[in-house]
Amino acid sequence: MSKESVTVAGIDCGTNSIRLKIARVDADGMHEVVPRILRVIRLGQDVDKTHRFADEALERAYVAAREFAGVLAEHPVDGLRFVATSATRDAENREEFEDGIESILGVRPEVIPGTEEADLSFLGATSVVNRGELKAPYLVVDLGGGSTELVIGGDGVNAPATQVQSAFSMNIGSVRMTERHLKTDPPTQEEIDAAIKDVDEHIDEAFRTVDAGKARTIIGVSGTVTTMTALALGLTEYDHTVVDGHRLSLEEAYAVDDKFLNMSRAERREYKTIHPGRVDVVGGGAVVWNRVLAKVSEAAAADHGEPIDSYVASEHGLLDGIVLDYGRRLLAR
């Protein structure tokens with residue numbers, strides 16, 4: 001007997017990039033129909049400063065949406081969910097963006113709150129982990145262009161390891177930190193110090209909601225995390241099959257973060273591992289990632305005496321969560 005399934009598409013539109021995934025969802029999980037397509041559109045260009053989408057940023061988003069419409073025309077789906085996150089939450093002219101996307105794709109973007117973004121990121125990240133090998137509780141860190149979500153799940157004893165216990169969305173990310181602080185190329189020590197101070201204040205606030213010290217495993221999702229992992233591994237070209245699921249020591253992470261934070265953009269461009277659309281903001285992402293890792297490790301040592309000395313990189317985050325959650329809801333109907 002064939003299993004009941006639905007074919008769904010998810011679009012995750014963030015501050016820096018937009019992604020499309022089409023998958024069949026059944027009781028066993030997700031089965032890719034079209035592997036993830038990613039385009040860097042920098043929708044959040046200057047939003048931190050102007051609180052508006054720039055005209056050229058909107059046009060880049062529409063170009064990507066038209067490309068996705070072409071893919072969807074070739075692969076009919078039972079449903080499409082378009083989720084927009086941090087930059088769109090902050091933009092005064094978001095209705096213009098929503099109208100434009102709806103006219104191209106026939107579906108209106110849903111601007112989800114940071115808490116739902118956190119839940120879906122956690123669902124996506126934990127749907128594929130090999131739970132036998134990774135110690136719960138898991139802390140999922142989704143480091144975006146405009147915001148960074150911290151989400152901790154249960155310990156597998158008192159609460160299922162896949163159940164979110166608490167989450168917090170911080171208004172810090174690779175694009176936001178770069179535009180706000182790292183204005184010189186390469187950045188000055190004063191700029192880096194200001195960025196660290198800003199990030200630390202946000203993390204301290206998040207820790208009042210999320211008991212990050214309880215974590216035994218950090219799972220990092222997003223372009224910043226996977227790019228930095230690939231660079232630490234010395235890959236000359238980005239290869240998701242090598243990066244996905246790789247465990248990297250914090251010492252290696254700090255070293256690579258510092259190295260690329262202090263580089264000029266011209267030097268970073270020499271590395272084919274870095275997507276061209278991330279070259280200018282990877283330093284801002286490195287500051288956020290570095291500080292999150294350090295503070296979570298300290299909190300874990302204070303909580304249960306075991307500092308966390310590594311993290312696991314994951315290619316599966318918000319987009320997977322959107323597709324899996326939407327597919328399950330369609331199946332339930």
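**Briefing: an open sheet and a helix pair**

Five strands, in the order E3-E2-E1-E4-E5, make up an open sheet with mixed pairing. Strands (E, at least two residues) and helices (H or I, at least four) are DSSP runs numbered from the N terminus, and two strands pair if DSSP finds at least two bridges between them. The model is predicted: local features need pLDDT of at least 70, side-chain atom pairs count only at pLDDT 80 or more, and totals for chains, interfaces and linings use all residues. Residues are numbered from 1 along each chain as its sequence is written, and side-chain values use heavy atoms, with hydrogens and water left out.

- Strand E3 (29-40) and strand E5 (110-111) are the edge strands, each pairing on one side only.
- Strand E2 (residues 17-26) pairs with E3 in the antiparallel sense over 9 bridges.
- Leucine 20 has isoleucine 37 in E3 as its bridge partner.
- Packed on the sheet is helix H13 (residues 318-332), which touches strand E1 (6-13), E2, E3 and strand E4 (79-84); contact means heavy atoms within 4.5 Å.
- The direction of H13 makes about 145° with that of E1; axes are lines fitted to C-alpha atoms, for helices over the stretch in contact, and angles run from 0 to 180 degrees between N-to-C directions.

**Helix pair**
- Helix H7 (residues 189-207) packs with helix H12 (residues 282-304) at an angle of about 45°, their axes 10 Å apart.
- H7 is therefore oblique to H12 (under 35 degrees counts as roughly parallel, over 145 as roughly antiparallel, 65 to 115 as roughly perpendicular and the rest as oblique).
- Contact residues include Ile196, Val199 and Ile203 of H7 and Val288, Val292 and Val296 of H12.
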